[in-house]
Amino acid sequence: MRLFTNEKTGKAWDQSVMQRNFEVLLVSQFTLYGILKGNKPDFHVAMPPAKAKPFYASLVEKFQKSYKTDSVKDGIFGAMMKVSLVNDGPVTMQVDSPSLQGSGQSSNGDAGLVREGEAAVPDETR
């Protein structure tokens, strides 16, 4: 995904993480599937940990294989983590996988994002 300005040409949205040799931080975030039940958060629509942990591990592995292993970092699945970042710009991008033909419904009502046991890592956008 080309999200970064080309420093040589000044062209916006022209270079990817790979072209810029940036690092990637992958963080499992089950709380993104949280909903409010009354005044309490409820995470029953998140993937169960027994399935989510190997799924997340396969995603990390695919990122490492498709880029530079040393440039892909991750946290500890299910651990308390303090992560800080600096948003450098006015946008936030949400990256999602396309629905797969014939796959089941995910727990949030959208068509399944990946087949069970698979992690989708899209090819770099050109």
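Colleague: Leaving aside its neighbours within four places in sequence, which residues is Y56 in contact with?

Modeller: Please keep in mind that this is a predicted model. Beyond those sequence neighbours, Y56 is in contact with L26, V27, S28, D74, G75 and F77.

Colleague: Is Y56 buried or exposed?

Modeller: Y56 is buried, because its relative accessible area is 9%, under the 20% limit for that class.

Colleague: Which residues make up the largest nonpolar core?

Modeller: Six residues make up that core: V24, L26, Y56, V60, Y67 and V72. Two elements, β1 and α2, each give two or more residues to this core.

Colleague: Turning to the rings, how many aromatic pairs does the structure hold?

Modeller: The structure holds two aromatic pairs. One of them joins F4 and F22 in an edge-to-face arrangement, with 5.0 Å from centre to centre and 90° between the planes.

Colleague: Where do F4 and F22 lie?

Modeller: F4 is in the segment before α1 (17-20), while F22 is in the loop between α1 and β1 (24-26), so their pairing ties together parts that are 18 residues apart in sequence. F4 counts as partly exposed at 26% relative accessibility, and F22 counts as partly exposed at 28%.

Colleague: And what is the geometry of the pair formed by Y56 and F77?

Modeller: Y56 and F77 form a tilted pair, 6.0 Å centre to centre and with 40° between the planes. Y56 lies in helix α2 and F77 in the segment after β4, so this pair ties together parts that are 21 residues apart in sequence. In contrast to the buried Y56, F77 is partly exposed, with a relative accessible area of 25%.

Colleague: Let us move on to charges. How many salt bridges are there?

Modeller: The count comes to four salt bridges. In general, side chains of opposite charge can pair when their charged atoms come close.

Colleague: Which residue forms a salt bridge with D42, and how far apart are the closest N and O atoms?

Modeller: The partner of D42 is K37, and their closest N and O atoms are 3.2 Å apart. D42 is buried, with a relative accessible area of 12%, whereas K37 is exposed at 55%.

Colleague: What about D14: which residue is its salt-bridge partner?

Modeller: D14 forms a salt bridge with K11, with 3.9 Å between the closest N and O atoms. That distance counts because the cut-off is 4 Å. D14 is also buried, its relative accessible area being 15%.

Colleague: Where do E61 and K65 lie?

Modeller: Both E61 and K65 belong to helix α2 (residues 49-66), where they are four residues apart, about one turn of the helix. Their side chains meet in a salt bridge of 2.9 Å, N to O. E61 counts as partly exposed at 39% relative accessibility, and K65 counts as exposed at 66%.

Colleague: Finally, the surface. Which residues form a nonpolar patch there?

Modeller: The patch is formed by M1, W13, V91, M93 and V95, which together have about 490 Å² of accessible area.

Colleague: Where is the place of V91, and why does V91 count as partly exposed?

Modeller: V91 is placed in the segment after β4 (72-74). V91 counts as partly exposed because its relative accessibility is 41%, which falls between the 20% and 50% limits.

Methods:
Residues numbered from 1 in each chain as written. Predicted model: local features only at pLDDT ≥ 70, side-chain atom pairs only at ≥ 80, totals over all residues. Heavy atoms only, no water. Patch = residues over 30% accessible without salt bridge, like charges linked within 9 Å, V, L, I, M, F, W, Y side chains within 5 Å. Areas by Shrake-Rupley, 256 points an atom, 1.4 Å probe, with all protein chains shown as cover. Buried < 20%, exposed > 50% of the residue type's maximum accessible area, 1.4 Å probe, protein only. Phe/Tyr/Trp six-rings, centres within 6.5 Å; stacked < 30°, edge-to-face > 60°. Core = buried A, V, L, I, M, F, W, Y, C linked by side-chain atoms within 4.5 Å. Contact = heavy atoms within 4.5 Å.
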